[in-house]
Amino acid sequence: MMNTVNDAFQIAGKTYQSRLIVGTGKYKDFAQTRAAVDESGAEIVTVAIRRVNIGQDASQPSLLDALPPSQYTYLPNTAGCYNAEDAVRTLRLARELLDGHKLVKLEVLGDPNTLYPNVRETLKAAETLVKDGFDVMVYTSDDPIIAKELEQIGCCAIMPLASLIGSGMGILNPWNLRLIIDSANVPVLIDAGVGTASDAAVAMELGCDGILMNTAIAGAQDPIRMARAMKLAVQAGRDAFLAGRVPRKLYSADPSSPTSGLIAAK
Amino acid sequence: MIQLSINGAAREFAESLSIAQMIVELELTGKRIAIERNGEIVPKSQYEQTILQNGDVLEMVVAVGGG
């Protein structure tokens, strides 16, 4: 068993047991959201900030009823923001909404088709938010130089994409991710693109500190079962990383059984 | 009669009212929301004493499911 005490995962000074962060979008209803989050074992959940639907039946349940902020760490995001100003505004509203809550996910998008991050605006927003006292987990491209800049600005976690948001294409550039992981002094979490459990395991085997996902679970035919698969894959990948894999031997085998003491050939 | 813009839609109220009173009128009592008035966040502690003026632009937000 992995020694969880020695393998503490900290973000902004708080320790978590689970290295899986899950989104709460795209579920059938709040009951399914809650069931999937619980099955995933995630302690941090991302949420979006949107206009109140005025005129809606006030007795309708809200996300905050389904996932009480007292039981989960909320990670309000800036999904849908295309410039620094909108992102900062959104997170200031989130802080007021959640009674001074500081841990946030910054994402500034550059294009509605790819949802690829706009790095220039992301850097600008990160600077403002860090100065404003937020603990900023930042979604970004897999550029190691930009990742370093975001760390130097003071972001508490760097979250490069594995592939496009919601694409389920998995880890497209493990080498860049590894460059980011190796040079970072803050947690690196893979955010976006994970499609199935093996993608999550591969990401963890690369040495990242955690994974953030939504569509891979919510969009699965059986989200609850996929949530469990992801929990196990993240644990398995983490264990494999800590255990240290055998080196790859190109073009040569290495028998596991003794080569001496074979019975005589007839 | 005053007119406010709330989340992009025009709304009329019989007379000036506080944010706290507006929340009651909109049947949002008890809902966890955050409010921006003319681009500035209004802390919850100020809802009672903040009196809305004709032409005020309000944004009211809530946490929803998202990744």
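Let's start at A:Ala12, which counts as partly exposed because its relative accessibility is 41% (buried means under 20% relative accessible area, exposed over 50%, and partly exposed in between, with a 1.4 Å probe and protein chains only). A:Ala12 sits in the loop between strand E1 (9-11) and strand E2 (14-16) of chain A; helices (H or I, at least four residues) and strands (E, at least two) are DSSP runs, numbered from the N terminus. Its phi is positive, about 50°, although A:Ala12 is not a glycine. Most residues other than glycine have a negative phi.

Before going on, a word on the model: it is predicted, so local features need pLDDT of at least 70 and side-chain atom pairs count only at pLDDT 80 or more, while totals for chains, interfaces and linings use all residues. Residues are numbered from 1 along each chain as its sequence is written, chains are lettered from A and ligands numbered from 1 in the order in which they are written, and side-chain values use heavy atoms, with hydrogens and water left out.

Now step back to the whole chain. Chain A has 9 helices and 10 strands. Its radius of gyration is 21 Å, close to the 18 Å that the globule rule gives for 266 residues, so chain A is as compact as a globular protein of that length (the radius is taken over C-alpha atoms, and the rule is 2.2 Å times the number of residues to the power 0.38). Along its principal axes, the C-alpha trace spans about 90 × 40 × 40 Å. Buried residues make up 49% of the 266. Among contacts (heavy atoms within 4.5 Å) with a separation of 6 or more, 66% join residues 24 or more positions apart.

For a look inside, find A:Ser163 in the loop between strand E8 (157-160) and helix H6 (174-183). A:Ser163 counts as buried because its relative accessibility is 3%. Its side chain reaches the backbone oxygen of A:Gly170 at 2.8 Å. Leaving aside residues up to four places away in sequence, A:Ser163 touches A:Met169, A:Gly170, A:Leu172, A:Ala192 and A:Gly193.

Further along, A:Val202 belongs to helix H7 (residues 197-205) and is partly exposed, with a relative accessible area of 37%.

We finish at A:Tyr251, in the segment after helix H9 (223-243). A:Tyr251 also has a positive phi, about 60°, without being a glycine, and at 83% relative accessibility A:Tyr251 counts as exposed.

Key: Polar contact = N/O pair within 3.5 Å; in protein donor to acceptor, adjacent residues only side chain to side chain.
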